[in-house]
Amino acid sequence: MTRPADPTFLAPPGQVADWRRVLLCDVAAGTGLLEALPGTPEVLAERLELDAHALRVLLDALTVYQVVSGDADGTYVRGAEVPTDSTLAGLRHHARALRRWAAALEDRTRDRPISSATGPADPEAFHDALAVTARQAAPGVVDACLTRFPHARSVLDLGGLHGEYSLEFTRRGLAATMQDQPVMVEVARRRGRLEAAGVQLFAGSFFDTVPEGPFDLAFCSGITHTFDGDHNLALFGNLRRVLVPSGAGVAVVTFLRGRHPVSALFAVQMLLNANGGDTHTEAEYRQWLGDSGFTADPAVVDLPDQAARSVLFAS
């Protein structure tokens, strides 16, 4: 069975994963079923305190996608197409997006309070899902940053979350500081990879405060499209204060409205968060950067990834 190259909800139109497989794998992972295999539905249900009939239906459905397979005596085992840990992280994030769109999109369109049925993202799952994409993209993104700012020796990775970009910067010899919300910094500390590699961690809202630095580069990936213009203006203003006086700059990795079909789809996800996020236009970014004392580069750099993100540089 041929699967889409990208199991996440950011797959290009026409290449999106089968929503049924996405939700089935999410439930199988969330209930502990995949880890508990092999077993019969009855044995697994008792072990996991689940409903045996529902579990048999779930397992049969998973056999359609070869995620599991069953033998003649009713025992189910992991199948040839069982997702790897990295693929499963993307699938589970995709499943959350599906549930949120189904539960909240019409309410949001009708200007009604968004249903809380989907709940907040699990920090650990959110970390793992975004880390997969970032790990693949980091070398190319860091290449672009160091081509633009070849003399950079220190970087502030804002909203770094998983820290994949910070790790790549440190591999290139830069001193990296990663800032994110306290709950995400706590995940990073528990994982231990960043501090072991020499990445400094700073917990707090970057609209209130940022580390003093000074830094040669402020790197913003996954932030600006999450918030509205007022927040982005405040962010860029804070960054201006902590960069070295000469030769420093900002790199903004984001989805630009009107630049690629995926950007329009990603905007739906931002519509359903609580921060007023959107896929903003290039002109808006230029205005916010200019009002904060930066001069944006004339050209935008498009990244060669399926998510079709772009990088705006400013100094």
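Predicted model: local features only at pLDDT ≥ 70, side-chain atom pairs only at ≥ 80, totals over all residues.
1. A nonpolar core is a set of buried Ala, Val, Leu, Ile, Met, Phe, Trp, Tyr and Cys residues joined through side-chain atoms within 4.5 Å; buried means under 20% relative accessible area, with a 1.4 Å probe and protein chains only. Helices (H or I, at least four residues) and strands (E, at least two) are DSSP runs numbered from the N terminus.

2. On conventions: residues are numbered from 1 along each chain as its sequence is written, and side-chain values use heavy atoms, without hydrogens or water. Local features need pLDDT of at least 70 and side-chain atom pairs pLDDT 80 or more, while totals for chains, interfaces and linings use all residues.

3. Phe169 is in contact (heavy atoms within 4.5 Å) with Val142, Cys145, Leu146, Val155, Leu174, Leu217 and Phe219, leaving aside residues up to four places away in sequence.

4. Strand 6 (residues 217-221) has 5 of its 5 residues buried. Leu217, Phe219 and Ser221 point one way from the strand, and Ala218 and Cys220 point the other way.

5. Strand 6 pairs in the parallel sense with strand 3 (residues 154-158) over 4 bridges; pairing requires at least two DSSP bridges between two strands. Phe219 stands opposite Asp157. Strand 6 also runs parallel to strand 7 (residues 249-254), joined by 5 bridges, and Leu217 has Gly249 as its bridge partner there. From strand 6 the chain passes through helix 10 (residues 229-242) to strand 7 in a right-handed β-α-β crossover; that is, with the strands pointing away from the viewer, the path from the first strand over the helix to the second runs clockwise.

6. The open sheet has 7 strands in the order 5-4-3-6-7-9-8, with mixed pairing. Strand 5 (200-203) and strand 8 (301-302) are the edges, each pairing on one side only. Helix 8 packs on the sheet against strand 4 and strand 5, at about 150° to strand 5. Helix 10 lies across strand 3, strand 6 and strand 7, at about 160° to strand 3. Angles run from 0 to 180 degrees between N-to-C directions, with axes fitted to C-alpha atoms, for helices over the stretch in contact.

Conventions. Buried < 20%, exposed > 50% of the residue type's maximum accessible area, 1.4 Å probe, protein only.
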